[in-house]
Every structure is written in C-alpha cells, then in structure tokens.
Amino acid sequence: ETYEDIRQQQRELAAQRRDISAQSDQVQRLLRDVGQRFSSAQRVVEYAGDSDVLGHALLRHWDELDGYRIENPISDLAQIIGDTVITRIDHEDAVAAQASSKAFVDKLLSAGGVDSSQLASAERRELISMARSNREQLYTLIGQESSLIGAASQLKDDYLRLLELGADYEAYLAGLVLWVPSHPPLNRVDVDRASASVVALLAERPDIAVQRISPAFLLLILGAALLTARRPAMRRACASLAEQIARPRSDAIGHTVYALVLTLLIALPLPLLLLAAAEIFATGSGGMSQAITAALRQMAQPCYLLVLLRELSRVGGLGHLHFGWPDFLCAGLYRESRYFLRIGLPMALVTDIVLEMETGDNAAALGRLLYMGMIALLIVRLVWLLRRGRVPVREQRPLVARLRLRLLALAACIAALVAVVQGHVHSVNVLLTSVLETLALVLGLTLLHGVLARWLQVARRRLRMAGLLAYRSGDVA
C-alpha cells in the first residue's frame with residue numbers, strides 16, 4: 001500500500017469513528033435518561049400509591065416511552081467489525097514484513113530487478129526513511145482500527161443494555177397503567193378547576209400554517225376526488241359482475257375478486273378526506289391543532305371499517321350476492337353502519353379531540369363526560385336492538401345465542417361506563433382500541449373466507465356442469 005492509500009484509510013476510519021462516537025453518546029444519554037425515569041416511576045408508585053394522581057403520573061411516563069426508541073444503530077456493526085478485523089490482520093502482516101526497513105527495501109529492489117549495491121548511499125537512506133515512515137503510518141492505522149473495533153463493541157453492548165432496560169421499564173409500566181385509574185373518580189373532581197379547564201379549552205383555537213402543508217395532503221385529496229368521481233362507474237361495474245355470476249356459464253372467481261377490489265376502493269374516499277384534514281391541522285403547533293390531527297388519524301380506521309361494512313351489506317352488494325349473506329344480516333349491518341357513521345363517529349371524533357387536549361390536566365372532566373355519553377349511546381343502541389328482534393326464525397341463529405351475545409355486549413358497555421366514572425379512562429380506551437382492531441381482523445378473515453368459499457362454489461358448479469354435459473353427450477353411461 002502506498003502512503004496515500006494509508007492516509008485515505010485513516011481518513012475513512014476517522015469518519016467512521018466519529019459516527020460511532022455520536023451514536024454511542026446518544027445511546028448512553030438515553031440509557032441514563034431511561035434509568036432515571038424508571039427509578040422515578042418506582043418512587044412514585046412507592047410513595048404515592050394511594051394518591052388520585054398516581055395513574056396520571058404513570059401515564060405520563062408511559063407516553064414518554066416512544067421518545068426513548070431510536071433506529072437500530074448496530075444493524076451494520078457486525079459487518080464493520082468483521083471487515084475492520086480482517087484489514088487489521090492484513091496491516092499487522094504488512095508491519096511484520098517491514099520489521100527491518102533495510103531488508104524490506106532490499107527485497108523490493110530485488111523484486112524490481114534493481115541491484116541495491118549500485119544505489120547511491122543518499123538514495124538508499126531516502127528509501128529506508130520512506131519505508132520507516134510507511135511502517136509508522138501502518139502502526140497508526142492499526143491503532144485507529146483497534147479503537148474503531150472497541151468503540152463499535154461498546155456501542156453494541158450499550159444498545160443491548162438500552163433495549164433490556166427499556167423492555168423492563170415498559171413491562172413495569174404496562175402492569176400498572178391498565179389497572180391504576182388514570183384520573184380521579186368523577187365525584188372527587190374539583191369542580192372549580194374542571195370549570196376553569198373547560199373555559200380554557202373552549203377559548204383555544206387551532207392554528208394552521210398553509211405554507212407548511214405537506215405534499216401528502218395533495219395526494220390524499222387527489223385520491224379522494226378521483227375515487228369519488230369514479231364511484232358511480234365502480235358501482236355499475238359491481239352490478240354488471242353480479243349479473244355475470246348469476247349465469248352458470250359466465251360465473252368465475254375472478255368476478256368476485258374484482259368486485260371485492262372495487263368495494264374496497266369505493267369505501268376509501270371518506271377516510272382519505274379525514275387523513276387529508278389531519279395533514280392540514282398538522283401544520284399548526286398549538287395544542288388544539290395537534291389534538292385534532294391525532295384524533296382525525298385515529299378515526300380514519302374505524303371510519304373505513306364502517307363505510308366498508310355499509311358497502312358490503314348494501315342490497316346487491318358483495319356480501320349479499322357473492323358471499324350469500326342472509327337478508328336480515330345485510331339489512332342489520334347496513335342500518336347499524338349508517339347509524340354509527342352519522343352519529344357515533346362524529347361523537348367519537350369530538351370526544352377524542354377533547355381527551356387529547358386534556359392529556360396533561362388531571363382535573364379535566366369534559367372529555368370524560370363526552371366519553372361517558374359515547375358509551376351511553378352504545379348502551380341505548382344495544383337496548384334498542386334487544387327490544388327490536390324482528391329477525392325471521394328460519395333465517396337466524398338460535399334466539400338464545402343471539403340474546404347472549406347482545407347481553408354480553410351490553411354488560412361490557414355498562415362495565416366500561418362504570419370504569420370511566422371511576423377514572424379508568426386509559427384502560428377503557430385501550431380496550432376499545434383492541435376491540436376495533438379485533439373487529440378489523442375478523443372482517444378481513446370473513447372476506448378471505450368468503451372468497452375461498454366462492455372459489456369452491458364456482459369449482460363445484462363447473463364440475464357439475466361438465467358432468468351434465470358429458471352425460472348428455474353420451475360420454476357417461
């Protein structure tokens with residue numbers, strides 16, 4: 001290696017060392033902060049175990065967890081360490097070969113066909129000096145490589161310690177935040193402080209910086225406008241596919257898959273508009289703007305589920321014609337999805353905005369009252385469904401099973417209402433989020449089952465048709 005090659009490697013190693021040092025400093029700082037916050041949470045539990053503010057304090061610790069997560073800095077460290085170890089071995093071999101500068105120079109001259117005895121003594125001394133300088137640079141390079149290997153190994157150890165400590169911290173909080181009330185019971189709320197927080201909340205206004213709107217807003221608006229404009233054509237295409245599956249000769253599983261894709265697209269515009277509105281409010285820096293942004297993004301998923309259920313259960317829709325859902329089920333799903341889209345979803349959006357704005361105020365009660373109103377709305381709707389009961393006996397599951405399911409849902413809603421009154425707002429919110437995610441998974445599995453069942457139905461129909469045609473042509477005895 002030439003002198004310039006060695007200098008270039010030294011510069012590259014120095015740059016890598018600076019990057020690893022910066023990452024190591026960040027990991028050590030996070031390790032120190034997580035350790036301090038972990039100790040703080042343990043002290044809070046130990047000395048404020050009977051306080052009404054315990055759950056609120058733990059919830060603040062829980063919300064901080066995302067700030068302690070960083071991108072994995074050791075994903076490429078194994079390759080860096082391995083490459084550096086190999087190059088260091090090569091450099092150590094090169095240094096060993098240059099143990100005697102005079103012998104090394106004579107060897108190079110002999111390899112080049114030059115007789116070293118014919119060189120002038122000044123030239124020979126210059127070559128020996130250059131060989132010694134090259135060897136010193138190699139020593140420096142080996143030191144840098146050793147330092148880089150050590151720093152990388154230390155970074156790996158610190159990051160693994162950070163992951164372990166963070167996991168212990170999260171597990172410690174997870175065992176508490178779901179069971180400790182995040183707010184004091186409603187009867188212990190300071191009325192004066194709660195009134196003051198309501199006045200302050202109503203006086204706040206969202207701030208929007210139009211010049212900071214992201215390109216995602218334009219993409220979302222464009223997608224929603226395009227899908228809305230194409231919605232009538234997509235519904236006509238679904239009706240045409242329904243006519244084709246009604247005829248045995250033209251029936252095919254591809255028609256069902258195409259209708260499913262069209263239905264998924266038809267349900268997209270409204271959720272896309274919610275996400276676009278969230279991008280607008282995301283430009284603001286105030287508390288209300290950030291709360292509206294978070295609430296709009298959270299409501300996009302349940303909004304899509306409700307719109308999709310409405311489209312699936314529409315008369316002549318995918319569920320009715322392709323999957324063979326009974327009429328009473330389609331009618332019920334269509335009615336309930338429309339009801340919650342018009343009443344439940346706006347109320348949930350307002351409730352979520354207020355709860356987001358009241359996150360730092362333990363005495364706030366307006367968001368909890370709205371939450372209680374939303375759960376009460378579910379209870380009233382379930383009671384109405386229990387009293388309605390107009391499903392024909394021949395088209396329904398056993399009546400006892402239906403009543404058990406509705407009574408179980410009613411009992412769960414009443415328990416959630418009592419829990420919110422007692423201050424378990426975060427716990428109920430986590431449970432409702434889990435229920436929504438479970439319903440989304442159930443809906444996805446139901447659609448997959450419907451497609452597979454249709455595939456089997458089409459295959460059986462084709463086999464029967466082939467058998468009948470063969471029988472009529474005399475191929476079958």
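Colleague: Hi! Where is Leu441 placed?

Modeller: Leu441 is in helix H15, residues 425-472. Helices here are DSSP runs of H or I with at least four residues, strands are runs of E with at least two, and both are numbered from the N terminus. This is a predicted model, where local features need pLDDT of at least 70 and side-chain atom pairs count only at pLDDT 80 or more, while totals for chains, interfaces and linings use all residues. Residues are numbered from 1 along each chain as its sequence is written, and side-chain values use heavy atoms, with hydrogens and water left out.

Colleague: Thanks. Is Leu441 buried or exposed?

Modeller: Exposed, at 54% relative accessibility. The cut-offs are under 20% relative accessible area for buried, over 50% for exposed and partly exposed in between, with a 1.4 Å probe and protein chains only.

Colleague: And which residues make the nonpolar surface patch?

Modeller: Leu441, Leu445, Leu448, Leu452 and Trp455 make the patch, which covers about 550 Å². Patches take residues with over 30% relative accessible area and no salt bridge; nonpolar side chains (Val, Leu, Ile, Met, Phe, Trp, Tyr) are joined within 5 Å, and like charges within 9 Å.

Colleague: Let's zoom out. How many helices and strands does the chain have?

Modeller: There are 15 helices and 0 strands. Of the 477 residues, 36% are buried. The accessible surface comes to about 27,400 Å², and 61% of that belongs to carbon and sulfur atoms. Those areas come from the Shrake-Rupley method with a 1.4 Å probe, and for residues only the protein chains shown count as cover.

Colleague: What about helix H9, how many residues does it have?

Modeller: H9 runs over residues 269-281, so 13 residues, and spans 19 Å from its first C-alpha to its last, close to the expected 18 Å, a figure defined as 1.5 Å times one less than the number of residues. Its buried residues include Pro269, Leu272, Ala276 and Phe281.

Colleague: What covers them?

Modeller: The cover includes helices H7 (215-246), H8 (253-266) and H10 (287-312).

Colleague: New topic: how many salt bridges are there?

Modeller: The structure holds 12, each a side-chain nitrogen of Lys or Arg within 4 Å of a carboxyl oxygen of Asp or Glu. One of them pairs Arg381 with Glu336 at 2.9 Å, N to O. Arg381 lies in helix H13 (residues 366-388) and Glu336 in helix H12 (residues 327-357), so this bridge ties together parts 45 residues apart in sequence. Both Arg381 and Glu336 are buried.

Colleague: Which residues are linked in a network of salt bridges?

Modeller: Arg235, Arg310, Glu311 and Arg314. The Arg314 and Glu311 side chains meet at 3.0 Å, N to O. Arg314 is partly exposed at 25% relative accessibility, whereas Glu311 is buried at 5%.

Colleague: Last one: which residues does Ser337 contact, leaving aside its neighbours within four places in sequence?

Modeller: Ser337 is in contact with Leu306, Leu309 and Arg310, contact being heavy atoms within 4.5 Å. Ser337 is in helix H12 and is buried at 2% relative accessibility.

Colleague: And which backbone oxygen lies 2.8 Å from a polar atom of its side chain?

Modeller: That is the backbone oxygen of Leu333. The backbone oxygen of Tyr334 lies 3.0 Å from a polar atom of the Ser337 side chain. A polar contact is a pair of N or O atoms within 3.5 Å; within protein, one must be able to donate a hydrogen and the other to accept it, and residues adjacent in sequence count only if both atoms are side-chain atoms.
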